[in-house]
Amino acid sequence: MDTQCLTIAGLEVRLAHHPQVWSPLSAIEMMSFLVENDLLVNLKQRRVLDFGTGSGIVGIVCGLLGAAPLVLSDYSKVAADMAVQNAQLNKLFQVQGVQSDRFAQIPTQPYDLIISNPPVQPWLFTDLDCPSTREKAAAWNEAGADGRLVLDALLKTAQSYLVTGGQLITSASSRHGQRQTVHLLNTFWPNRWQQIYASEHAILPDYHGPYIPMWQRLQALDGDLRIYQMDDRGRRFAKQADAHGQPIIITTLDIDERSQPVLLYPEDEAIWSAKTPDGQELVQLSSEDNRLPGPAINQHWYYEYYLFQAFAP
Ligand SMILES: C[S@@+](CC[C@H](N)C(=O)[O-])C[C@H]1O[C@@H](n2cnc3c(N)ncnc32)[C@H](O)[C@@H]1O
């Protein structure tokens, strides 16, 4: 069997590979950060649900820290089965694999910790209702037209699967649309959540390339920068077309001493009009105004990757 050995913050993890199952990438960054910063302590005999488990890596690291029993869930049956095999490879035996579209089949027993590195790509290749059409692992990283299907389920529903004071840890990305993530955290976990980590990554043309137009369409609608370029002052922006094909710049501007998301429309060659995402005009800027983003420092597009934790009341 084709297996890989990873070391995550000193913990050795062995994983078998399957071409239809997502291989760990961001999970290595996620779990290294959580272990190295003592954010996964007191897990002994704690019941853990790894939601969207893929190879099982996230749940397995929790198991190696003493968590038991583990529920490893995934919409892909191949992944759920493989995650259990991988847990056993790592000598973890109090493990249940569950095939479930989000929470549909998740055992309702309350969990001490629900942890997830959910899918993020907007729908492109997959028929979400038909798991058998998703032959490639990458297709399993797609999550609805806006990429939020699984993350939204977690933020809205995880609480009812947690013990009192139980913990949710999830990754999210600017690609999901950060304002909606924060809105759901404020709505469902008011004053009970924190962002604990952020890192910036370059968009990989070979993998992310086909999704770029979809993120651009989404951000033209709501002004929430999912992917961006940077100028020499580190300002983030996207120069692209709006929903009607008109050229725009999406960025943030300091207006009234507050950084605000804006869509900049060229009025003529010399004037840009800054509007709120819902079309309200804020200010007009000359093209010489140094608040406008300058040229991109390179050709790369970037996104941010975040970790959040939240606690059930
Ligand atoms: C980015 S991968 C993460 C896998 C693993 N947790 C890791 O971090 O390496 C996202 C996982 O979510 C699963 N998934 C996709 N849609 C799902 C859904 N509707 N319900 C549950 N899991 C889903 C995919 O099969 C995939 O294994």
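1. Helices (H or I, at least four residues) and strands (E, at least two) are DSSP runs, numbered from the N terminus. Two strands pair if DSSP finds at least two bridges between them.

2. The model is predicted: local features need pLDDT of at least 70, side-chain atom pairs count only at pLDDT 80 or more, and totals for chains, interfaces and linings use all residues. Residue numbers start from 1 along each chain as its sequence is written.

3. β9 (residues 229-230) pairs with β10 (residues 236-241) in the antiparallel sense, over 2 bridges. Met-230 is opposite Arg-236 of β10. The two strands make a hairpin with 5 residues between them, and Gly-234 in the turn has a positive phi of about 75 degrees.

4. β10 also runs antiparallel to β11 (residues 247-255), joined by 5 bridges. Phe-237 has Thr-251 in β11 as its bridge partner. Here too the strands form a hairpin with 5 residues between them, and Gly-245 in the turn has a positive phi of about 85 degrees.

5. In helix α1 (residues 26-36), Ala-27, Met-30, Met-31 and Leu-34 are buried (20 or more other C-beta atoms within 10 Å of the residue's own, with C-beta atoms placed from the backbone). They lie on the same side of α1 because they cover an arc of only 85 degrees around the axis, taken from the directions from the helix axis to the C-beta atoms.

6. The buried residues of α1 pack against β1 (3-8), α2 (57-64), β7 (162-173) and β15 (302-311); contact requires C-beta atoms, placed from the backbone, within 7 Å. Asp-38, which follows α1, has a positive phi, near 55 degrees.

Notes:
Buried ≥ 20, exposed ≤ 12 C-beta atoms within 10 Å, placed from the backbone. Contact = placed C-beta atoms within 7 Å.
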